[in-house]
Amino acid sequence: MDILIPFAQTGRIGAARLGAELKDVVQELGPPWDYGSSTGADGLPYLYAYGSLEIAVCHAHCQVIDAVMVQTDWTTMEWPSQEPGQPQTFPGRPTYDEALRALDEAGCPWENYQPLTLEDQCAIRVPASGATFVFATDEGEKPVLCSVSVAQHRPHPCG
Ligand SMILES: [Zn+2]
């Protein structure tokens with residue numbers, strides 16, 4: 001929650017924010033730990049990861065960030081620490097109640113988000129940043145937080 005609440009309020013995690021370039025994040029966090037297998041016209045992957053932090057970029061060489069996602073449905077989440085390449089770990093899978101309590105305690109307004117509320121999931125959105133929280137509702141009684149993300153709705157014009 002120490003990561004998720006500031007992300008929900010501002011829509012950014014350090015250098016990782018919509019419209020920034022991947023190289024700004026690499027400067028801050030070092031080389032990505034992993035990357036996706038699909039590539040764009042310039043042969044570069046779209047998706048980069050530092051443990052539970054994922055960054056999607058436009059499909060060309062400029063690598064402008066068009067989505068920032070935190071995957072929270074890992075039993076143990078991994079996160080960049082102060083030491084480049086050394087992950088810090090903490091328990092994942094916060095519940096719906098924990099997430100909403102933390103937002104309320106931080107005074108961060110949110111609303112139900114119907115476009116991502118489906119049979120097996122529900123979602124809320126923080127209007128201030130556009131951050132969307134998606135919860136799985138099909139794994140027992142308490143919905144579990146799967147991810148928190150921000151995404152550009154208009155693709156970068158280079159594409
Ligand atoms: Zn671009």
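A residue counts as buried when its relative accessible area is under 20%, and as partly exposed when that area lies between this value and 50%. With that in mind, the tour can start; please remember throughout that the model on screen is a predicted one.

Begin with the aromatic rings, of which a search of the whole structure finds two pairs. Select Trp33 and Tyr50, whose ring centres are 6.1 Å apart and whose planes meet at 70°, so this pair is edge-to-face. Trp33 sits in the loop between helix H2 (22-29) and strand S1 (34-35), while Tyr50 belongs to strand S2 (residues 47-50), so the pair ties together parts that are 17 residues apart in sequence. If you now show the surface, Tyr50 counts as buried because its relative accessibility is 0%, whereas Trp33, with a relative accessible area of 28%, is partly exposed.

Next, select Tyr96 and Phe135, which form an edge-to-face aromatic pair with 4.7 Å from centre to centre and 70° between the planes. Here Tyr96 lies in helix H3 (residues 96-105) and Phe135 in strand S9 (residues 131-136), and the pair links these distant parts of the chain, 39 residues apart. Phe135 has 0% relative accessibility and therefore counts as buried.

Finally, turn to the largest nonpolar core, which has 35 residues, and select Ile13, Val25, Ile55, Val68, Leu103 and Phe133, the members that touch the most other members. Keep Ile13 selected and look around it: leaving aside residues up to four places away in sequence, Ile13 touches Phe7, Glu28, Leu53, Val68, Val70 and Trp79. In soluble globular proteins, nonpolar side chains tend to be buried together.

Key:
Residues are numbered from 1 along each chain as its sequence is written. This is a predicted model: local features need pLDDT of at least 70, side-chain atom pairs count only at pLDDT 80 or more; totals for chains, interfaces and linings use all residues. Side-chain values use heavy atoms; hydrogens and water are left out. Rings of Phe, Tyr and Trp (its six-membered ring) pair if their centres lie within 6.5 Å; planes under 30 degrees apart count as stacked, over 60 as edge-to-face and the rest as tilted. Helices (H or I, at least four residues) and strands (E, at least two) are DSSP runs, numbered from the N terminus. Buried means under 20% relative accessible area, exposed over 50%, partly exposed in between (1.4 Å probe, protein chains only). A nonpolar core is a set of buried Ala, Val, Leu, Ile, Met, Phe, Trp, Tyr and Cys residues joined through side-chain atoms within 4.5 Å. Contact means heavy atoms within 4.5 Å.
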